[in-house]
Amino acid sequence: RRGTWDVYDPIAEFERVGVLTGVDSHLWQVIDNSIYRKSPTYPSHFVLPSALNYDEFKDAAKFRSKKRLPVLTWRDPVTRACLVRSSQPLSGVTGARSPADEKLLNLYRCFGDPLLLAEEERRGQANTQLFIVDCRGALAATGNKLQGKGVENAAHYTNASLKYSNIGNIHTMRNSLAALADIVAPTTATTESASSHFLSNLEQTGWIEHIRLCLLAAVDVAEKLRLEGSTVLLHCSDGWDRTAQVSCMAQMLLDPYYRTIEGFAVLVEKDWCAFGHKFTDRCGHGVPDKSQDRSPIFVQFLDLCSQVLKQFPDVFEFDERLLVFLADHIFSGLFGTFLGNNERERKFELKCHQRTVSIWTYVFAFADHFTNPRYRVDRNAIWPSTSVKKLGLWARYYSRWDPDVHPRYDKGSEHAWHDDWGTVCHRTDLGDLQEAGIQELAAGRNVQPGALWSTGGAPTQPQRSRSLAPADVARSFSQANRGT
């Protein structure tokens, strides 16, 4: 699967976590959404309990915003607890209910097993729990009721509890990062006044507190899955921003595969790209400068990853060079992975698979460039501290243009900060570039990161035709996160 647009194969991935293989594989069904009519912003294939029939599936989808019904994204191999993601319910001020939605969540609570659910109903006692995590605050969720949306009434679901994570919305994050950009921008970061008041200015941006709340929510989810064996339903408003952040981080804490380079690519493709994070709107690709849909949600997730990596520096196969590389190239446009607002747009409207190159082609081809030399395989869960005393500014990304922050090494040291602006491709039809490039690399061609890939698909000698200079990315970073 490496080096292709199919780095995330939903069937293979759910087989890996034991959902579609083993003694209980009959409990699950794969829904074919390949023409995206069942749920326009969901993946081409997703997993539901087999005991849910088609009419119930349609009813459950109608009860959720944007038809983003609760679907399985991961299952704990230790406890069998399910991590389920969705959008908010359309309960409204009247507290509307959906029998199909309630049945679906009860099935997830019972690990997809209708016999276990029937036995619980016969005995009138439930032994398994459902933990509903609303990434919003209670006030925001209540306000959505006036729009016919809202939050679950836990009393309508068997043995369920509800917790709000109080993570800010896209506007809060955009304003926070704009304030952060003001204190780390090259024009202000090196002034004496900015340096002497840096920590207090950083606190006033609220950015570290937002990071803490996201990480706290992920740890809560991971604890429920692993330590309590409880199924978790995770959502925010539409389920494509805060939901993706918390879902991915919880999975990284519990599943060591997602802490490898390949596994991290699968995770990003699954929970961000396939599940419909709106990269075009959030990153400002081709949208008006003043768009209020811009927000640094994916960058914030990468920041979260950097915080955990600092606490556990030897359990990740990659280091922060990969995180910085991804953060740069959601704006650069050099790769098609982060274009469009959902999988359907990338496939059918933008035709990214035929017209662009996946970013993972480059990452896998130059994996050594992103590999953590301290990595050792550790199959255990990791439990990061969520104390603000253990969190800090992601200096490698935000302060790269501040000479006061750069580590001081001898010239040419491999430990010095070196940015990778990727490759520049000069061809119209890039459909076979990925495999051609990988084959050339396998044949032993000596190619360095940043090399120009020729029209024949074979890497040539390292050179630059047009690459983004640091100032370009600095400007892109500032504008994208200000909405200006």
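The following legends describe close-up views of a predicted model.

**View 1. The largest nonpolar core and Phe301.**
The largest nonpolar core of the predicted model has 122 residues. Phe264 and Phe301 are the residues with the most contacts inside this core. Helix H10, which spans residues 207-226, supplies the largest share of the core, namely twelve residues. Beyond residues up to four places away in sequence, Phe301 touches Phe264 itself, together with Gln245, Cys248, Met249, Met252, Val268 and Trp272.

Cys236 carries the UniProt annotation "active site", which comes from an unreviewed entry. The residue is found in the loop between strand S7 (231-235) and helix H11 (242-254). Cys236 has a relative accessible area of 2% and therefore counts as buried, because buried means under 20%. With neighbours within four places in sequence left aside, Cys236 is in contact with Gln88, Asp134, Cys135, Arg136, Asp241, Arg242 and Thr243.

**View 2. A buried salt bridge between Asp134 and Arg136.**
Side chains of opposite charge can pair when their charged atoms come close. Here the side chains of Asp134 and Arg136 meet in a salt bridge, with a distance of 2.7 Å from N to O. Both Asp134 and Arg136 are buried. Asp134 and Arg136 are also among the residues in contact with Cys236.

**View 3. A salt bridge between distant parts of the chain, Asp314 and Arg376.**
The closest N and O atoms of Asp314 and Arg376 are 3.0 Å apart in this salt bridge. The pair links distant parts of the chain, the two residues being 62 residues apart. Asp314 is in the loop between helix H14 (297-311) and helix H15 (320-332), and Arg376 is in the loop between helix H18 (359-365) and helix H19 (395-398). Asp314 has a relative accessible area of 22% and is partly exposed. Arg376 also counts as partly exposed, at 43% relative accessibility.

**View 4. Further salt bridges, including Arg344 with Glu349.**
The whole structure holds 27 salt bridges. In one of them, Arg344 pairs with Glu349, and the closest N and O atoms are 2.7 Å apart. Arg344 is partly exposed at 23% relative accessibility, and Glu349 is partly exposed at 48%. Elsewhere, a network of salt bridges links Glu13, Arg16 and Asp255.

**View 5. The packing of helices H3 and H4.**
Helix H3 (residues 99-109) packs with helix H4 (residues 114-123) at an angle of about 100 degrees, and their axes are 8 Å apart. H3 is therefore roughly perpendicular to H4, because angles of 65 to 115 degrees count as roughly perpendicular. Asn106, Leu107 and Arg109 in H3 meet Pro114, Leu117 and Glu120 in H4.

**View 6. Positive phi values at Lys67 and Asn159.**
Lys67 has a phi near 60 degrees, a positive value in a residue other than glycine. Lys67 lies in the loop between helix H2 (54-62) and strand S3 (71-75), and with a relative accessible area of 36% Lys67 is partly exposed. Asn159, likewise a residue other than glycine, has a positive phi near 50 degrees. The place of Asn159 is in the loop between helix H5 (138-145) and strand S6 (160-164). At 33% relative accessibility, Asn159 counts as partly exposed.

Conventions:
Residues numbered from 1 in each chain as written. Predicted model: local features only at pLDDT ≥ 70, side-chain atom pairs only at ≥ 80, totals over all residues. Heavy atoms only, no water. Core = buried A, V, L, I, M, F, W, Y, C linked by side-chain atoms within 4.5 Å. Buried < 20%, exposed > 50% of the residue type's maximum accessible area, 1.4 Å probe, protein only. Helix = DSSP H or I, 4+ residues; strand = E, 2+ residues; numbered from the N terminus. Contact = heavy atoms within 4.5 Å. UniProt positions renumbered as here; feature names shortened; annotations may be inferred. Salt bridge = Lys/Arg side-chain N within 4 Å of Asp/Glu carboxyl O. Axes fitted to C-alpha atoms, helices over the stretch in contact; angles between N-to-C directions. Parallel < 35°, antiparallel > 145°, perpendicular 65-115°, else oblique.
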